[in-house]
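Hello,

Here is the structure I promised to pass on.

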Amino acid sequence: MGIGLRVLCFLYARPFLLKRAELTSPLVSYRRLQDGIAMYRDGISPYEGDLFHFQPFVLRLFSSISLSENVMFTIFMGIDCLTALLLSISATFYGKENRSNHPEHLGQLVLKCLKVDDLTPNVGLVWYFFTQVFEHFRAFYLAVFQINLLVYVVPLLLSLRKDAHLHLVISLLLVAVFSSYPTLNDASVYLALLPTLEKYKKYPRYTLVVAGTIITCIVLMPVMWHMWIVVGSGNANFYFAVTLFYNVAQIYLMIDLMFAYFRKEADEISASLVTPKTNFVLH
C-alpha cells in the first residue's frame, strides 16, 4: 500500500509536494540539490552561500549520476523498501530479544546548521523565533536552542538504560522537535518504530489527544500556508501556531512514553514484592 501511495503521489501530486514546507527543508530539498549540482558542474562552489546544505559526498555522488527523474524515483523507492525491510528485521529481533568528504565543507555545513542563517519556514520552532529575536540576543538564544539536543543525552541514558530501543525513539523525538530544520519526515521515523513498543501500550495517558492533535496539525499546515503565502489573507502567526501545537503534541508524546516506561518499571517492582504469606501487592 505504501508503494502504491508513493507512486500515485509521484504521478499526480509531485508539483504540490515539492513546494510543501512540511516535507522539505534546506537540508533535504531536492530542488536545492539540483541547483547545487548545476553550480558544481559549472565550477562554482555551492557552499559559498546559504543555498546548499548537503554533504560533499552527496554532491559528488549525484553530480556523477545523469539519470531521468523516473529512474531516480525508482531507485529511491527501492532504497525505501530496503530500509523498511531492515527496520522490520530490527523490530523482529528486538521483539525476540526484548572518505571522500572535504573537512572544510563539512565544517561549513555543520556551522550552517548550528547558526541557522537560513530561516526558511518549516515545522520546527527555530525559524519563527529567530525572525523575531533582536540581533544582540541571537547568540545567547542560539546556544539555548542548540543545547537542547545535547542536554538530555546523559539523563536519558541513565533513566532508560534498560530499554535502548525506547531511548532511540525518545532521541528521535528530540531531534524532530529541536533540530534546526525539521520536517514531517523526521516524525515518520519514530512513528514507524512506535508499534515495536507494544509492551507499553496500556500505560500511556494522552494517546488520543496526542494523535488527534498531530493529525489535525498536519491537515491544517497546508491550509495555513496557503492563507499566508498564496492568498495573503493571513500571516506567519497562522502557520507558526499550527507548528507550535504540532511540536507540543510531540513533547507530550515524549512525556507519555517516559511515563509508560516508569509506570511499567513500578508495576514490575510491585509484582516482585508479593510474598507467599501476605499474597498481596505492596503499592
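A charge sits over a ring if NZ of Lys or CZ of Arg is within 6 Å of the ring centre and within 35 degrees of the ring normal. Arg205 meets this rule: its charged end lies over the ring of Phe259, 3.8 Å from the centre.

Two notes on the source. This is a predicted model, where local features need pLDDT of at least 70, side-chain atom pairs count only at pLDDT 80 or more, and totals for chains, interfaces and linings use all residues. Numbering starts from 1 along each chain as its sequence is written, and side-chain values use heavy atoms, with hydrogens and water left out.

Of its 283 residues, 34% are buried (under 20% relative accessible area, with exposed over 50% and partly exposed in between; 1.4 Å probe, protein chains only).

Now the rings. Trp127 and Tyr239 are tilted because their planes stand at 50 degrees, with centres 6.2 Å apart. Trp127 lies in helix α7 (residues 126–132) and Tyr239 in helix α13, so this pair ties together parts 112 residues apart in sequence. Trp127 is buried at 4% relative accessible area, and Tyr239 is buried at 0%.

Best wishes

Key
Phe/Tyr/Trp six-rings, centres within 6.5 Å; stacked < 30°, edge-to-face > 60°. Helix = DSSP H or I, 4+ residues; strand = E, 2+ residues; numbered from the N terminus.
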